[in-house]
Amino acid sequence: MLRRFIIALMSATVFAAGLAVAPTAAAQTQNQAAPAASAPAPAKNDYNKSESWLCRPGRQDACAVDMTATIVAANGKLTRETWAANAKAKIDCFYVYPTVSNDATPNSDMVAGPEELNVIRAQFARFGSQCRVYAPLYRQVTLTALRAFIAGKPMTADRALPYSDVLDAWNYYLEHDNQGRGVVLIGHSQGSFVLTDLIKKEIDGKPVQSRIISALLLGTSLPVPRGKDVGGAFQHMPLCHSAKQTGCVITYASFRSNAPPPANSRFGKVAGENMVSGCTNPAALAGGSGELHAYLGARGSGVVAAELVQKFWVTPSQPIDTPFVSVPGLLTAECVSNEKGSYLAITVHGDPSDPRTDDITGDVVANGIVLADWGLHLIDVNLAIGNLVDIVGQQSKAYLATNKNGSNKPGTK
């Protein structure tokens, strides 16, 4: 059971970052164990080295992958959709991936494994149609450390190291690559936590904020004052309410609409009086419900190596040979805020009378039991990635129209 539980949680580790809503203060302290005082400080990464990056513009690397999708219509018709990166994109995207490393040590090494490559395909490469892509490797807290924690034998992980690495990569990017261009920050889970910290310490209210087109902080719980858009995690970067708004934040954690966050939820709740977890709906930034433009892994989330698979998309079953599937009209989303938390409620509009599947995979499962406290964390990004890519495209146009010299006023619409 433990093995299956660990596999299912592969990209969903709040523990590994300490990072979203830890169950208790004591557990958070254990989860975020710092290195022993006598341990030497880890050597800094050299982000001048090509191998320190999973993705950089103009290379054949983790982002240069097949993003073809099969569109599955409600009537069962299958249509192939191609995709291409934009080599002439005028903005940049900087991505920090979630917890995926299977390295045997509590912090990962700087060698990309299949898990890092898989998550780039699932969550980031598609943004290459709108921006130049940058994705640094970093020494994240690993799944090995999570396994040890679950087994009651916590390892000593350096929780400061992931942030230190990403900060070094960010500074290298600013000095050598940015050249005044607008940039979108993108993260999920542990990656969102690290980027939140980066924005707090290095960007929010500082001159470099003028270059931030938006921040997509997904699969996390970002504090904001109830009824407000800014003033919690960030003092100068509000939540986004329009695809033409720049200098703002898109954030959410997804749950099925018929399975809202339980009392022990990992997401949707934050500490602090009158504070709530921010929720912006990529399918309807202005509010209300909207249709999700999902790109789901043809057999599962596309993030983890072993998980529950999507057995079929249509009946009778037809072969699908693309890495992704899109299901127009099947999924809608709406931000909900109630006594259970603030979260993105996902509704699956299955129709038993049509040949298309009536449900999707994406729940965290242990021994055949859905772990409701994780929601749809495994597919937070996949559910709305088409919407997010479209938003980035619109934000790029808005930013470039008013910031021809690479400068803007933070939070402008």
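This is a predicted model: local features need pLDDT of at least 70, side-chain atom pairs count only at pLDDT 80 or more; totals for chains, interfaces and linings use all residues.
Numbering runs from 1 along each chain as its sequence is written, and side-chain values use heavy atoms, without hydrogens or water.

Strands E4 (residues 92-96) and E5 (residues 132-136) run parallel, joined by 3 bridges. Strands here are DSSP E runs of at least two residues, helices are H or I runs of at least four, and both are numbered from the N terminus. Pairing takes at least two DSSP bridges between strands.

Now the sheet. It is open, with 6 strands in the order E1-E5-E4-E6-E7-E9, and the pairing is mixed. E1 (53-55) and E9 (248-252) are the edges, each pairing on one side only. Twist averages 20 degrees from one strand to the next.

Helix H4 (residues 114-123) packs on the sheet, touching E1, E4, E5 and E6 (183-188). Its direction makes about 35 degrees with that of E1. Contact means heavy atoms within 4.5 Å. Angles run from 0 to 180 degrees between N-to-C directions, with axes fitted to C-alpha atoms, for helices over the stretch in contact.

Helix H8 (residues 380-402) lies across E4, E6, E7 (212-218) and E9, at about 170 degrees to E7.

Back to Phe-94. Beyond its neighbours within four places in sequence, its contacts include Trp-53, Tyr-134, Trp-170 and Ile-186.
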